[in-house]
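Here is a short report on one model. Please look over the sequence and the structure first.

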Number of protein chains: 2
Amino acid sequence: MRTSQFFISTLKEAPSDAEVISHKLMLRAGLIKRLAGGIYTWMPLGLKVLRKVEKVVREEMDRAGAIELLMPAVVPAELWQETGRWEKYGPELLRFKDRHQRDFVIGPTHEEVITDVVRKEIKSYRQLPVHFYQVQSKFRDEIRPRFGVMRGREFLMKDGYSFHTSFADLEREYKHMYDTYCRIFTRLGLQFRAVAADTGSIGGTGSHEFHVLADSGEDAIAFCPDSDYAANVELAEALAPAAARAAASQAMTKVATPGKTQCADVAAFLGASAEQTVKAVAVMRTEGGFALLLLRGDHELNEIKAEKIIGEFRFAKDDEIVAALGCKPGYIGPVGIKADIPVIADRTVAAMADFICGANEAEHHLTGVNFGRDLPEPGQVADIRNVVEGDPSPDGKGQLGLCRGIEVGHIFQLRTRYSEALNCKYLDENGKEQIMEMGCYGIGVSRIVGAAIEQGNDDKGIVFPAAIAPFEVAIVPMGYHKSEAVKAAADQLLADLKAAGIDVLLDDRNERPGSMFADMELIGIPHRIVVGERGLAEGKLEYKGRRDAEAQMVDAAGIVALLQGKLCAA
Amino acid sequence: MRTSQFFISTLKEAPSDAEVISHKLMLRAGLIKRLAGGIYTWMPLGLKVLRKVEKVVREEMDRAGAIELLMPAVVPAELWQETGRWEKYGPELLRFKDRHQRDFVIGPTHEEVITDVVRKEIKSYRQLPVHFYQVQSKFRDEIRPRFGVMRGREFLMKDGYSFHTSFADLEREYKHMYDTYCRIFTRLGLQFRAVAADTGSIGGTGSHEFHVLADSGEDAIAFCPDSDYAANVELAEALAPAAARAAASQAMTKVATPGKTQCADVAAFLGASAEQTVKAVAVMRTEGGFALLLLRGDHELNEIKAEKIIGEFRFAKDDEIVAALGCKPGYIGPVGIKADIPVIADRTVAAMADFICGANEAEHHLTGVNFGRDLPEPGQVADIRNVVEGDPSPDGKGQLGLCRGIEVGHIFQLRTRYSEALNCKYLDENGKEQIMEMGCYGIGVSRIVGAAIEQGNDDKGIVFPAAIAPFEVAIVPMGYHKSEAVKAAADQLLADLKAAGIDVLLDDRNERPGSMFADMELIGIPHRIVVGERGLAEGKLEYKGRRDAEAQMVDAAGIVALLQGKLCAA
């Protein structure tokens, strides 16, 4: 391709409303053009990137045995009413009436439609399992679209749905898709992690998210650098400390701590560390009333985990705390309280000795407190906190680190959530009707483009992985319109690289070299060849990788092989 | 591909609501599945066909130098308000409000969006001409969707838009696209005609439709079998007869024609042919009042043509006719009328002698009537009728035939209709602002699938052109699950054909041969190879083309070359 026959339109400055680097760079590089909030035109250069992502996704889905079809974007409301999502889904679901006043949605996801297709098409266990997928423009009416294509309203998705006769077979396909997704993101050249995830509004049980790692990511992930373990911070298990509780070595002592209501302040005031303190969190359970949750002073309560232990709850109000403990918040603790107040200690707290906690007396704390001596052992010990950096990895293979990620894929074991609601049944070997087991598997195709740029960029612009760069190689001739020799060599190189199957762009614009270099770097082309008269005289070309600090002169004769080697290694 | 790894689901009977053959066959062959009125899921087999059409369209658009991008389906109302189409477009335009109560449409066409992109991106004559296109799912809220994908609500379009500094350059690109469209439809293996067309609601001047020829087509087309000439019947010019008017040979005579008010009846009653009669059509012009239009008795008035001659008009009411001519309808004519009533004669009428017409007296007609003797020469002679079969072709190259077609492509010279409304300007060589000239070019990608089936079908099902058949070759083994030799030979043939780049389907289902044959024929695969033990023993396979009456035995050794030859010739 030649720039003169393509459309490249770059900007010096990004529009001021772009918040994140990928959004800024996509606008500056001319990959997208804004039409309305969260709604973009994919310009020719951006579409090339999008199509490369789509192609890898499609190839791997086909290889995995999934079968492509294409469902309508416009879906009648009846199906969404059958599953109850018509009521449950928030205003992100775009609803409208057609000219006959019938209700429709623009499907943000297609569980209902595919289940409707399958319940009509598939009758027998002999036709199962089956996995259908599509690549489709979808719409989600985000209240505040932002980050360009990463949280847009119209976006391109790959969504796949599998149907099975048994949970075991669903689990097999789920694992197969897990592996397929790993292949896809690896082929796309992305640093990513598969993360155990909560299932959110799609429902069902068992789910993994696939995150592209980037400091700007919206999601916090706990991972083990020494293994495959990764989970959303909210879900990562905080193990009990490896060491058993130490023996008591101090006497319990009441100390005045005037005005110190936070663990960190109490610790500092007493010359201790926050890790020696225990905070008591007073809660009101929907069933059972008041309770105390104990956490180490520097740890955070994980409400999802706590809810699994004590059921639905809210934080206790000040007057409820005073009524239960006879003390105002800031100085409360588990010592000397009524025996009927349940105490749930985090695993870490349960292993502490000689700790500091509130004295249940205004402006006072206790030091040297020990379970079993100064207060009963906790009524219940459980994991009720968020993990922190350095916690042992739940798989026992090292210590957890924390990082941030951008969710680009999500796989779910839906089980019978939709097949039951839509009565999607098959006849088993005995001619008996059974509900199908179901999985679903999504990839945010357009979001991947943004995520790849969040992960790959520098002060010159985008650094695309070769697999999804708009072009793999840029040829920049010095004086294409002035030197016959340069023109001939550049044209020949273009032909040679094309013949070798390399996706190459020849910049034949009549621009200053600096401006051409800047554009080729901004749009993220991984390899650059400069064709100049001086080099040609010696049979040389200038090569520079996108991340290289310096260019180097290479033999013109070996250039195709050199580039093939680099592209193969990528 | 193997049927066991694909999804094929055929029906014996088509659902009763399918009206046309392509719709019936698409449902029976399992190419599509209905979700709602005019809204279909493209099942795996149908999607394969759709993608083949899309690929040919894309390849030829790229070859023609058009540049692909992808605009949003969801478009803010403001742009449609700027061009006035927000008000003008009927309820086919799906309008909705987003969660912030802002108005949007689902774009059924994208002139507004592309012009908005171009006015922001293109500033200089040096960046012109440019041609952008996209392939996109669109929505048009048809009041009565029907004929399956041929008049559906959600459909796949290729829409392209070109921008120019001059009308001459627009005309060059228009011609270039005309040729490109001919290449596309030729490659798709379709019988088609490019037809001069009215521009309809898109506006602008200069337009051709591309029709796939099929008896079931919605549009009537006049064409010349001996040349490229073709036009919508409404637009085809009816030339004056080649022969000059004959001399008068009869005296004008009043004859009683009781109860005969139609030309055909009058002619029959008088023992003459309808071609000897002249009918007078009484109209009221919006400006100028009453007038008489004269047509040969067997010809039809073309209101579009007439309006171009006499301006806006309606048919006169009975009392208006009596007031003007003193006679009730059925017996009116041009003889002896008031001199101030304008008479406009069709070209054919103007060349008639000794004709029969109404006498302006109830129950009477005149015979042997001649212009210049019995009444004045017509005030105006013009083409005001529809052409009929056998009329001379307007290009002078033969006689017109009539046929029916399905519109699958449309190209327009929009000129400045949109660029003016949206202020889409460039700076010319002198730094002066100029409005861009604009063309637009559409292809109904999904409609082509239906149209191809309307053109290609028989009592066994679909007969696809090889270019868009879901598979090029079907291998049907006799006893794949019983005979090792058959299985081995079929598997090897599958591998060999794949290696030769042929898109092949091996039917490895455990079904009766008759049922496999019927399915492969129903879904329209152009070539079929049967692998059987008896043939294998002699080194033979059975070959049958989809249209062939009989199968033939061919040498197994030469099968790849045989099929390549047939596919190449297609």
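This is a predicted model: local features need pLDDT of at least 70, side-chain atom pairs count only at pLDDT 80 or more; totals for chains, interfaces and linings use all residues.

Two copies of a chain are related by a rotation about an axis and a shift along it.

## Helices α2 and α6 of chain A

Two packed helices are described by the angle between their axes and the distance between the axes. Take α2(A), residues 44-63, and α6(A), residues 167-187. Their axes come within 10 Å and cross at roughly 150°. Angles over 145 degrees count as roughly antiparallel, so α2(A) is roughly antiparallel to α6(A). The crossing of α2(A) with α6(A) is right-handed.

Which residues make the contact? From α2(A) come V56(A), V57(A), E59(A), E60(A), M61(A) and R63(A). From α6(A) come M177(A), T180(A), Y181(A), R183(A), I184(A) and R187(A). By class, this contact of α2(A) with α6(A) has six nonpolar, five charged and one polar residue.

## Helices α1 and α12 of chain B

I21(B), S22(B), L25(B) and M26(B) supply the α1(B) side of the contact. V449(B), G450(B), I453(B) and E454(B) supply the α12(B) side. The residues in the contact of α1(B) with α12(B) are five nonpolar, two polar and one charged.

## A three-stranded sheet in chain A

Chain A has an open sheet of three strands in the order β13-β19-β18, with antiparallel pairing. Which strands stand at the edges? They are β13 (253-256) and β18 (355-358) of chain A. Each has a single partner strand, so one side of each is left without a neighbour in the sheet. Neighbouring strands of this sheet are turned by 30° against each other on average, direction ignored.

One pairing can be followed in detail. β18(A) pairs with β19(A), residues 364-369, in the antiparallel sense over three bridges. C357(A) stands opposite L366(A) in β19(A).

## Backbone exceptions

Most residues other than glycine have a negative phi, and most peptide bonds are trans. Some sites in this model depart from that pattern.

Cis or trans: what is the peptide bond from L128(A) to P129(A)? The bond is cis, with omega near 0°. P129(A) sits in the loop between α5 (111-121) and β7 (130-139) of chain A. In chain B, the peptide bond from L128(B) to P129(B) is cis, with omega near 0°. P129(B) is in the loop between α5 (111-121) and β7 (130-139) of chain B.

E363(B) is not a glycine, yet has a positive phi of about 65°. E363(B) lies in the loop between β18 (355-358) and β19 (364-369) of chain B.

Key
Residues are numbered from 1 along each chain as its sequence is written. Chains are lettered from A and ligands numbered from 1 in the order in which they are written. Side-chain values use heavy atoms; hydrogens and water are left out. Axes are lines fitted to C-alpha atoms, for helices over the stretch in contact, and angles run from 0 to 180 degrees between N-to-C directions. Helices (H or I, at least four residues) and strands (E, at least two) are DSSP runs, numbered from the N terminus. Angles under 35 degrees count as roughly parallel, over 145 as roughly antiparallel, 65 to 115 as roughly perpendicular and the rest as oblique. A crossing is left-handed if the near helix is turned anticlockwise from the far one by less than a right angle, and right-handed if clockwise. Contact means heavy atoms within 4.5 Å. Ala, Val, Leu, Ile, Met, Phe, Trp, Tyr, Cys and Pro count as nonpolar, Asp, Glu, Lys and Arg as charged, and the others, Gly among them, as polar. Two strands pair if DSSP finds at least two bridges between them.
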